Amino acid sequence: MTPGKRVALALGSGGARGYAHIGVIGVLEERGYEIVDVAGSSMGALVGGLHAAGTLAPFTAWARTLSQRDILRLMDLSITGPGAINGDKILARVSELLGTALIEDLAIPYTAVATDLLARKEVWFQQGRLDAAIRASIALPGFFTPVMIGGRLLADGGMMNPVPVTAITAARADLTVAVSLGGERTRSPGHEYAAFRPAEELLGLVRRTVDQVRGIETPRIQAVHRVPGHGASAAVAPPLGSVDLVEAFPPGLRTVDVMNLSLEATQSILTRYRLSGNPPDVLVTVPSDACRTLDFHLADEMIQLGRDLTIDALDAHEAHEATAAHRAR
């Protein structure tokens, strides 16, 4: 192994965008980097765990075959449960690949991050059944049902630690690489995606059109005005006396979009806060609107996006290192 090539990898949460992690791992290995420690939240825990167990290749081959119809069949609708999807069929395939593998027996040190909903704190799985740890970490509230393990009600790790760099800080590595799936949006929130939307069909969400809101006389908040001294992110609305009527929603905006936007807003702030305290050497950032949370039929597109973004990030890092080494001579 070439000196300086030992990598500790933190893989973030973000639903189907997490397929990008597969592309990240592929590029790292192609460039001769050795992943010596991996931590993940949600989809990052799934991909990271499969890699640590040596079963990422068959999972990737399976994921690439999934169609829109396949995804709907795999999602176990839960009418009365604490989540819309049981996820048992999806996790069954993962369990087939992992068997009864224990985290402590993996060739690569691994941490799955989950959230204890009752204690309101994050939980790190570093031993025990790998499939159970992954199931706990991916339980996104509102979508996948939470799980009970050891008396804890566990859900998606991304709620507390979207990009778990803190879990790899003690790794004996030359380089820390983090992958965030919550980068700045590249399209407007109401942009109509060409991709099929299994979430909306699954949950039976009904689109609110412009015709449905015409004639409703409620206040409209116009463009906000920046207030000096409040910082770049602070803004206030104009006085109510200066507003007109509510505008029509952006085309294509649905309930699941509002859920995603709300989650993205919270996780964006949390990710920036977390990374400012533990900045990685290399950060790969996937736009939050690269695909939707449940667009699990887009494996090829997301894997390729992960590859492209990782190549750019590593090129920039390696160029910086080369310049620094040249100046030090």
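Biologist: At 26% relative accessibility, does R31 count as buried, partly exposed or exposed, and which is it?

Modeller: Buried means under 20% relative accessible area, exposed means over 50%, and partly exposed is in between (1.4 Å probe, protein chains only). R31 has 26% relative accessibility, so R31 counts as partly exposed. Before we go on, this is a predicted model, where local features need pLDDT of at least 70, side-chain atom pairs count only at pLDDT 80 or more, and totals for chains, interfaces and linings use all residues. Residues are numbered from 1 along each chain as its sequence is written, and side-chain values use heavy atoms, with hydrogens and water left out.

Biologist: What is the partner of R31 in a salt bridge?

Modeller: The general idea is that side chains of opposite charge can pair when their charged atoms come close. Here, a salt bridge is a side-chain nitrogen of Lys or Arg within 4 Å of a carboxyl oxygen of Asp or Glu. R31 meets E318, at 3.0 Å from N to O. That links distant parts of the chain, with E318 in helix 10 and R31 in the loop between helix 1 and strand 2, 287 residues apart. By the way, helices (H or I, at least four residues) and strands (E, at least two) are DSSP runs, numbered from the N terminus.

Biologist: How many salt bridges does a search of the whole structure find?

Modeller: Eight. One of them joins R307 and E30, at 2.9 Å from N to O. R307 sits in helix 10 (residues 299-328) and E30 in helix 1 (residues 20-30), so this pair ties together parts that are 277 residues apart in sequence. E30 is exposed at 55% relative accessibility, while R307 is partly exposed at 21%.

Biologist: Is strand 3 mostly covered or mostly open?

Modeller: Mostly covered: seven of the seven residues in strand 3 (residues 110-116) are buried. On one side you have Y110, A112, A114 and D116, and on the other T111, V113 and T115.

Biologist: Which strands pair with strand 3, and in what sense?

Modeller: Two strands pair if DSSP finds at least two bridges between them. Strand 2 (residues 34-41) runs parallel to strand 3, with four bridges. Strand 4 (residues 121-125) is antiparallel to strand 3, with five bridges, and strand 6 (residues 152-156) is antiparallel too, with three.

Biologist: What does D116 do there?

Modeller: D116 stands opposite L154 in strand 6. D116 also forms a salt bridge with R152, the closest N and O atoms being 2.8 Å apart. D116 is buried at 4%, whereas R152 is partly exposed at 30%.
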